[in-house]
Amino acid sequence: MSARTVSPASPPSPPSPPSPAGASRADLVADAALALLAERGMRGLTHRAVDEAAGLPQGSTSNLARTRQALLELAVRRLADREAKVLALHEMPDPRAGLDALVDALALATHRALTRNRDLTLARYELALEATRRPELRAHFDAAGARFREQLGALVTAMGSADPARHVLSLVAWADGLMFSCVAGTFHAEVPGLAEVRAGLREVLGGMIGR
């Protein structure tokens with residue numbers, strides 16, 4: 001099966017730019033850590049490797065995050081900030097604009113995570129798996145995810161959901177399943193176009209809201 005590509009007519013999917021000009025050293029270190037996680041996996045994440053990837057003097061990462069746990073927590077916090085910009089829930093349309101407007105906005109956010117922010121999504125899965133083995137990291141990872149779930153819950157509630165908690169779980173599970181399959185799973189060689197993502201979301205949300 002040939003890989004699908006994004007239609008030229010699709011709206012642009014801007015990446016979440018790592019380490020913009022004037023970024024703090026903490027952000028430089030965290031962004032380098034996320035890039036290493038996506039490229040080399042958890043075993044490739046060391047203080048020395050982060051220093052090299054960030055272009056910082058040896059010992060810079062250790063000065064900010066003495067332990068591996070501290071480095072992972074720094075990466076999780078930075079991941080939450082960058083993913084918030086990719087998903088841009090604060091820019092979602094007013095629920096009064098209707099279901100299709102919400103579907104359009106959520107589809108674009110999901111498509112960003114699948115395409116130009118693919119490495120960031122891959123780093124998230126690395127951290128999620130590591131959090132299953134580190135209770136302290138799990139607390140930070142879950143706290144970061146709670147912010148997203150709360151915002152999504154408010155959106156589906158405003159759209160008339162009869163069971164917001166269950167619908168948020170179903171919606172997140174659908175999106176996570178799509179992203180994992182296309183980033184690290186059996187569909188990793190295929191990139192669904194924005195129209196395909198939108199069609200899937202329309203089916204899921206339409207079934208939940210009953211429209």
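Colleague: Which residues does Leu-205 touch, not counting residues up to four places away in sequence?

Modeller: This is a predicted model. In it, Leu-205 touches Leu-99, Leu-102, Val-103, Leu-106, Val-156, Leu-171 and Gly-210, with residues up to four places away in sequence not counted.

Colleague: How should I read a set of contacts like that?

Modeller: Start with the general idea. In soluble globular proteins, nonpolar side chains tend to be buried together. Now this case. The largest nonpolar core has 57 residues. Leu-205 is among those with the most contacts inside it, as are Leu-34, Leu-45, Val-50, Leu-106, Leu-127 and Leu-171.

Colleague: Which elements give two or more residues to this core?

Modeller: They are helix 1 (25-40), helix 2 (47-54), helix 4, helix 5, helix 6, helix 7, helix 8 and helix 9. Helix 5 gives the most, with 9 residues.

Colleague: Take helix 8. What span should its 20 residues have, and how far apart are its end C-alpha atoms?

Modeller: At 1.5 Å a residue, helix 8 should span 28 Å. Its end C-alpha atoms are 28 Å apart, so the two agree.

Colleague: And which residues of helix 8 are buried?

Modeller: First the general idea. An α-helix has 3.6 residues a turn, so residues three or four places apart point the same way. In helix 8, the buried residues are His-167, Val-168, Leu-171, Ala-175, Leu-178, Met-179, Cys-182 and Val-183. Look down the axis of helix 8: its buried residues fall within an arc of 115 degrees, so they line one face of the helix. Ala-165 and Leu-169, on the other side, are exposed.

Colleague: What do the buried residues of helix 8 pack against?

Modeller: Four helices: helix 5 (99-114), helix 6, helix 7 (135-158) and helix 9 (194-209).

Colleague: How many aromatic pairs does the structure hold?

Modeller: It holds 1 aromatic pair. The rings are those of Tyr-125 and Phe-180, with centres 5.3 Å apart. Their planes lie at 80 degrees, so the pair is edge-to-face. Tyr-125 is in helix 6 (residues 118-131) and Phe-180 in helix 8 (residues 164-183), so the pair links distant parts of the chain, 55 residues apart.

Colleague: What happens just after helix 4?

Modeller: There, Ala-88 takes a positive phi of about 50 degrees. Helix 4 itself covers residues 68-87. Its reach from first C-alpha to last is 28 Å, close to the 28 Å expected.

Technical notes:
Residues numbered from 1 in each chain as written. Predicted model: local features only at pLDDT ≥ 70, side-chain atom pairs only at ≥ 80, totals over all residues. Heavy atoms only, no water. Expected span 1.5 Å × (residues − 1). Phe/Tyr/Trp six-rings, centres within 6.5 Å; stacked < 30°, edge-to-face > 60°. Buried < 20%, exposed > 50% of the residue type's maximum accessible area, 1.4 Å probe, protein only. Arc of directions from axis to C-beta. Contact = heavy atoms within 4.5 Å. Core = buried A, V, L, I, M, F, W, Y, C linked by side-chain atoms within 4.5 Å.
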